[in-house]
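User: I'd like to go through the side-chain contacts in this one. Can you take my questions one at a time?

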Amino acid sequence: MNKETIKRIIGSILLILMFTLLTNRSFASYVNIPDHVVVFKGDHYHIEKNALIKTDVDQTQSVAAFQTSDQGIDIAGENIGESQIVFNIAGIPVKKTKVKVLNELKVIPGGQSIGVQLNTLGALVVGYNKVQSQDGLGSPGEEAGIQIGDIISEINGVQITNMDDVSKALKNAGQGETNIKIIRDKKEMTLNIKPLKDVNDQTYKLGLYIRDSASGIGTLTFYEPKSGKYGALGHVISDSDTKSPIIVKDGTIYRSTITSIDKGSNGSPGEKLAHFTSDNQEIGSIESNTPFGIFGKMYVPFESNYDEGLSVAVSAEVKKGPAEILTVIDGKKVEKFSVEVISSIPQKFPATKGLIIKITDPKLLEKTGGIVQGMSGSPIIQNGKIIGAVTHVFVNDPTSGYGVHIEWMLQEAGIDIYEKEKQAG
């Protein structure tokens, strides 16, 4: 028997063994045993029964109650802290699962439509234009290497906070060489530029289109009454021209009213049409704009049907199956609509797009066609807990889209659900 034949026989045996293991229910359930379990005090977490593996519990720290049955292992969080489960085969330890019990956290779910006004950190470059000077047409900014998406933060040592600051600084600089500090990809650099004097209005210009603010609408996700902190949108706000995330100096959220819906269809996402309320009352600040949404402090909380709040769920708790979202499709009324969680990825570290959901509610499908712009931030609720927020629609299937797990939005808001556990550990 030659070497090639032996290799083929060994390969066939390995394939058969692998197939047998993968199709064995006990082996599959062993593979699916989590490395970490996070459970809130007073809550339960279930691990499915495994016929081959017996369970021992390390009682060095009694933070949870473990009950084994024909269905599996039920873990009940009792005290803040950490313990572990030891899984073994024939008395030999084969796997350990860390169990963390966290203090219960409740927040008030949103769903309300909000108006958003952002002020950029400096002046955002969104395009180029030609300045008509005595020497002809030119764009000093473009020629010096300023790129679309750059932020002008200083001119000759003077801090720039808006477009008026740029005009004043260039007027003071005149036609001489000007030091301009820009921010690009979170890095600072300084360029030497010689502005041109426009023959039409006799002002000095860089040949750049700039912007210092942006506005739009979205949906409030949660409000934490003790700290006054909130989270909304579930995704970063990017500039409409540069498509780059807006670096925020500050901003404000307002109440808004949905006036109509531009219904979505395959290949054409719809949108909510809205306006800020007539009183234009500021209800909160915007302190950060991150991949997980906008965050800040709420001055004037919305009325809610959940005054006592709802518990939050970590990503490992989320299951495929029925859920609900809260959102507004007419006026200011927050309504509850049925959805289906198609996929949920348990995440150990912050990441976007951890959920895939599908709209199943007939009323919402009839009104909007599915997920539309302005719905981002709508809280997702499953089994009485907030599990995340709607973030993006699938362009070719507006009935479906992505969501972000709530724990990452809470973390971005400065609400650390692991803090008390860490202090106790």
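User: Is Lys205 buried, partly exposed or exposed?

Analyst: Quick ground rules: this is a predicted model, where local features need pLDDT of at least 70 and side-chain atom pairs count only at pLDDT 80 or more, while totals for chains, interfaces and linings use all residues. Residues are numbered from 1 along each chain as its sequence is written, and side-chain values use heavy atoms, with hydrogens and water left out. Buried means under 20% relative accessible area, exposed over 50%, and partly exposed in between (1.4 Å probe, protein chains only). Lys205 comes out at 27% relative accessibility, so the label is partly exposed.

User: Which residue forms a salt bridge with Lys205, at 3.1 Å?

Analyst: A salt bridge here is a side-chain nitrogen of Lys or Arg within 4 Å of a carboxyl oxygen of Asp or Glu. With the closest N and O atoms 3.1 Å apart, the partner of Lys205 is Asp201.

User: How many salt bridges are there by this rule?

Analyst: Another one is Lys249 with Asp250, N to O at 3.0 Å. Lys249 is partly exposed at 36%, and Asp250 is partly exposed at 28%. By the rule, the count comes to eleven.

User: How many residues apart are Arg211 and Asp239, the pair that links distant parts of the chain?

Analyst: Arg211 forms a salt bridge with Asp239, with the closest N and O atoms 2.6 Å apart. Arg211 sits in strand S18 (residues 208-224), and Asp239 is in the loop between strand S19 (229-232) and strand S20 (248-262). Strands are DSSP runs (E, at least two residues), numbered from the N terminus. The two residues are apart by 28 residues.

User: What kind of pair do the rings of Phe394 and Tyr402 make?

Analyst: Rings of Phe, Tyr and Trp (its six-membered ring) pair if their centres lie within 6.5 Å; planes under 30 degrees apart count as stacked, over 60 as edge-to-face and the rest as tilted. The count is one aromatic pair. Phe394 and Tyr402 have ring centres 4.9 Å apart and planes at 80°, so the pair is edge-to-face.

User: Which ring does the charged end of Arg255 sit over?

Analyst: A charge sits over a ring if NZ of Lys or CZ of Arg is within 6 Å of the ring centre and within 35 degrees of the ring normal. The charged end of Arg255 is 4.8 Å from the centre of the ring of Phe302.

Conventions. Helix = DSSP H or I, 4+ residues; strand = E, 2+ residues; numbered from the N terminus.
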